[in-house]
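Here is a short note for a colleague who is meeting this structure for the first time. Please read the points with the model open beside them.

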Amino acid sequence: MRKTFKYRLCPTKKQIQKLERTLDICRILYNSCLLDRKRNYEQTGQGLTRVKQQGILKADKKTIELLKEVHSQVLQNVLFRVERAFQNFFRRVKSGEKPGYPRFKGEGRYNSIAYPQEPGFQLTEQGLKLSKIGTIKLKKHREIAGDIKTCIVKKEIDRWYACFSVEYEPAAKLIPAKSIGIDVGIKSFAVFSDGTVIDNPKYLRKSEQKLISKQRQLSKKGKGSKNRKKARIKVAKLHSRIKNQRSDFHHKVSRKIIDANGFISVEDLNIKGLVKNHHLAKSISDAGWGQFFNYLTYKAEEAGCWVEKVSPHYTSINCSVCSNPVPKTLVQRIHKCSFCGLVLDRDLNAAQNILLKSTPGTGGNNAWGEAVHQCPSPNQEALPVRAR
């Protein structure tokens, strides 16, 4: 398995200058490679391949002193990024999506450099040693488990981080013999089929007034001034804080779910379609369902658990006991079935329906022998999408 370990770097002023210089050189090379591909296609009707551009780069390094300041592996990685940008462009064209031709990187738009392998980078007791930059102090708050394959040095606003991609074998764990269905929402972040409710922290909503104030201060600063740059950093830091709070919340919730359950059933939501509703878009984005599902899936894969995505259709409408439809608006928060008399929270009813639609629900018993529901699923056409 692959896993990434992220650590904070504490470079000196001279090292920051070298890092920013390296980013700028890589950005110039990226833009030059894009321009070469575009011109070559206009002149010959054929695009340049990465292999040909590697030959051009090798020749340019003999005459252009600028390129000698950067480690060769870092420069080679820039060519791979250009190739990946065009591969994604042609993939979108082929699938009928909006293509989005690869764009030139403006100043400040290139924020990471990659060292594909050692000895371009070395992790020592003093810190992280980077070729042609030096040894940078690293806050190693946890040990790295596995074999380090690549290192990416990334700039986030005014901070620097090192991301190590590691290959490792997860340790065997005892899988809990419990199944659960999860209904995500806005009022409550998540409601489980066993009745557990996770409150929605609403980090963006809570910081909205601070954000508005800082954005107003930014708008009053003159374009290109140092004060505007300082104000922009303050706004970016507040956005970063909100993002980190949300990510930390998702990590903690997903970890608790994986530790307590062996089978997790969630809805296969079309989040991109849901955020087109302008009345709910901000609240949906603030909840971050997509990121939560991603964390849940990779943690389940590591722990040996199962995550199944089921169709979201009628999970809020159908009764979880008798399967009869009980139409209700978003304002109605209580499920009252006129057929069987069931009365409970609509989100809890939806969570139980989500579990019913899953493989354990349709079978009546889950893979570990625990009874999940006695009634058959009202909708059995959903196919499972498993984490492993």
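**Notes on the predicted model**

1. Seen by strand order, an open sheet of 7 strands runs 2-6-7-1-5-4-3, and its pairing is antiparallel. Strands pair here if DSSP finds at least two bridges between them. Strand 2 and strand 3 (121-123) stand at the edges with a single partner strand each, so one side of each has no neighbour in the sheet. From one strand to the next, the twist averages 30°. That angle is taken between lines fitted to C-alpha atoms, in N-to-C directions, on a scale from 0 to 180 degrees.

2. A word on the basis. This is a predicted model, in which local features need pLDDT of at least 70 and side-chain atom pairs count only at pLDDT 80 or more, while totals for chains, interfaces and linings use all residues. Residues are numbered from 1 along each chain as its sequence is written, and side-chain values use heavy atoms, leaving out hydrogens and water.

3. Look at one strand pair. Strand 1 and strand 7 run antiparallel and are joined by 8 bridges. R2 has E167, in strand 7, as its bridge partner.

4. Now the whole chain. It has 11 helices and 14 strands. These are DSSP runs numbered from the N terminus (helices are H or I, at least four residues; strands are E, at least two). The C-alpha atoms fill a box of roughly 80 × 50 × 50 Å along the principal axes. Of the 388 residues, 41% count as buried. Buried means under 20% relative accessible area, exposed means over 50%, and partly exposed is in between (1.4 Å probe, protein chains only).

5. Which residues have the most contacts inside the largest nonpolar core? They are I113, Y115, L128, L130, V153 and F164, in a core of 38 residues. Strand 1 (2-10), helix 1 (13-44) and helix 3 (72-95) are among the elements that each supply at least two residues. Helix 1 gives the most, with 8 residues. A nonpolar core is a set of buried Ala, Val, Leu, Ile, Met, Phe, Trp, Tyr and Cys residues joined through side-chain atoms within 4.5 Å.

6. Take V153 as an example. Leaving aside residues up to four places away in sequence, V153 touches L9, L19, N111, S112, I113, Y115, L128, L130, W160 and Y161. Contact means heavy atoms within 4.5 Å.

7. The rule asks for a side-chain nitrogen of Lys or Arg within 4 Å of a carboxyl oxygen of Asp or Glu. K140 forms one with E143, at 3.6 Å between the closest N and O atoms. K140 is partly exposed at 41%, and E143 is exposed at 61%.

8. Which parts does the pair D158 and K237 tie together? Their side chains meet in a salt bridge at 3.1 Å, N to O. D158 lies in the loop between strand 6 and strand 7 and K237 in helix 6 (residues 226-260), so the pair ties together parts 79 residues apart in sequence. D158 is partly exposed at 39%, as is K237 at 38%. Elsewhere, salt bridges that share partners join K6, K154 and E156 into one network.
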